[in-house]
Amino acid sequence: MESNKEIRNDELKIAMITLKLDDSKENEDYFKSELRKAYFLIPAVNDNKENEFTFMLLSDQNSNNYFQAYTDLDEYNKWSSSNESKNFVLTFDELANIVISSEEEVKGLTINPFSENIILNKEYLREIFNIGKIFIDEKDTCPIKIKNSIKKILKENDKVNKGYLFQIKKNNIPGYLLIIDSNSKNKNKLHEEIGKKIVDSIKEINIDIISSKDNLAKEIIKDKKELYKKD
């Protein structure tokens, strides 16, 4: 959206300065946390087409191109106070998604390039972007041994009607998502019981269990074949 209000990211600026002074893990975690909450001013120019704008890049001395983002209007004006450009407001997720999916010639993002100049490459942005998100692997590469073990556990529980198993990445960590259709009145207790049996049976497995009644689950299992179905 086009900026029509004052944008400030005071906590993020503190985190950036702190990180520049001491790049400890604690300071980096603080920076990541503030980064994900931030709104940025992004300069863009009109391409002589109605309502179409191009975000502007900066190049370093090695001709590497970066998207530029500013935490506030004071920082933005260090680049340009010209009326030829407009500044748009993007969340971190919106901005990261644009940078990650950009052409190979674009190396990443620079935040406040004329002061703190924090440079984030695409891999680092992808890592932060993925925090808290679940990505499902559409390819069915789950080992047969794991499938059979989970299927056996579901079959032993008469409250389970169906079970769907998916390989996922959560916070960049590989794991599994089990979606259960059941007639249990206490689904949380059922999920805990099944989860404990799975972990006891398959050592060092990361698995999340949710009900097929959840809105997220409904979308995931649409047109998908179940791992287990009660006879």
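Colleague: Which residues are linked in a network of salt bridges, and what makes a contact count as one of these?

Modeller: In this predicted model, the network of salt bridges links Lys13, Asp72, Glu75 and Lys78. The term applies because a side-chain nitrogen of Lys or Arg has to lie within 4 Å of a carboxyl oxygen of Asp or Glu. Side chains of opposite charge can pair when their charged atoms come close.

Colleague: How many salt bridges does a search of the whole structure find, and what makes the pair of lysine 152 and glutamate 156 one of them?

Modeller: The search of the whole structure finds 13 salt bridges. For lysine 152 and glutamate 156 the nitrogen-to-oxygen distance is 2.7 Å, and the limit is 4 Å, so this pair meets the definition. Both partners, lysine 152 and glutamate 156, are exposed.

Colleague: What can be said of glutamate 219 and lysine 222?

Modeller: Their side chains also meet in a salt bridge, with 3.6 Å from N to O. Glutamate 219, at 55% relative accessibility, counts as exposed, while lysine 222, at 45%, counts as partly exposed because its value falls between the limits of 20% and 50%.

Colleague: Why is asparagine 112 called buried, and what does it touch?

Modeller: Asparagine 112 has a relative accessible area of 0%, and buried means under 20%, so the word applies. Asparagine 112 is found in the loop between β6 and β7. Leaving aside residues up to four places away in sequence, it touches Lys13, Met16, Ala69, Tyr70, Thr71, Glu75 and Asn117. Two of these, Lys13 and Glu75, belong to the salt-bridge network with which we began.

Colleague: What makes the phi of asparagine 117 worth a remark, and where does this residue lie?

Modeller: Phi of asparagine 117 is near 50°, a positive value in a residue other than glycine. Most residues other than glycine have a negative phi. Asparagine 117 lies in the loop between β6 and β7 and, at 29% relative accessibility, counts as partly exposed. Serine 63, in the loop between β3 and β4, likewise has a positive phi, near 65°; its relative accessible area is 57%, so it is exposed.

Colleague: What makes a group of residues a nonpolar core, and which residues have the most contacts inside the largest one?

Modeller: The name is used because the members are buried nonpolar residues joined through side-chain atoms within 4.5 Å. The largest core has 26 residues, and those with the most contacts inside it are Phe31, Leu35, Phe40, Leu95, Leu109, Ile111 and Leu120. Elements that give two or more residues to this core include α1, α2, β6 and β7, and α4 gives the most, with 5 residues. Phenylalanine 31 touches, among others, Leu12, Met16, Leu120 and Tyr124. A second, separate core has 19 residues, including Ile146, Ile150, Leu165 and Ile194.

Colleague: Which classes of residue make up the lining of the largest pocket, and which of its residues are closest to the centre?

Modeller: The lining has 5 nonpolar, 2 polar and 8 charged residues. Closest to the centre are Asp140, Lys147, Leu165, Phe166 and Lys225. Leu165 also belongs to the second core. The pocket holds about 320 Å³ of space, and strand β9 (residues 160–170) supplies the largest share of its lining, 4 residues.

Note on methods: Residues are numbered from 1 along each chain as its sequence is written. This is a predicted model: local features need pLDDT of at least 70, side-chain atom pairs count only at pLDDT 80 or more; totals for chains, interfaces and linings use all residues. Side-chain values use heavy atoms; hydrogens and water are left out. Buried means under 20% relative accessible area, exposed over 50%, partly exposed in between (1.4 Å probe, protein chains only). Contact means heavy atoms within 4.5 Å. On a 1 Å grid over the protein atoms alone, a cavity is a set of points where a 1.4 Å probe fits but cannot get out, and a pocket is an open set with protein on both sides within 12 Å along at least five of seven lines; lining residues have an atom within 4 Å of a point. Grid points are joined across faces, edges and corners, and a volume is the space filled by probe spheres set on the points. Ala, Val, Leu, Ile, Met, Phe, Trp, Tyr, Cys and Pro count as nonpolar, Asp, Glu, Lys and Arg as charged, and the others, Gly among them, as polar.
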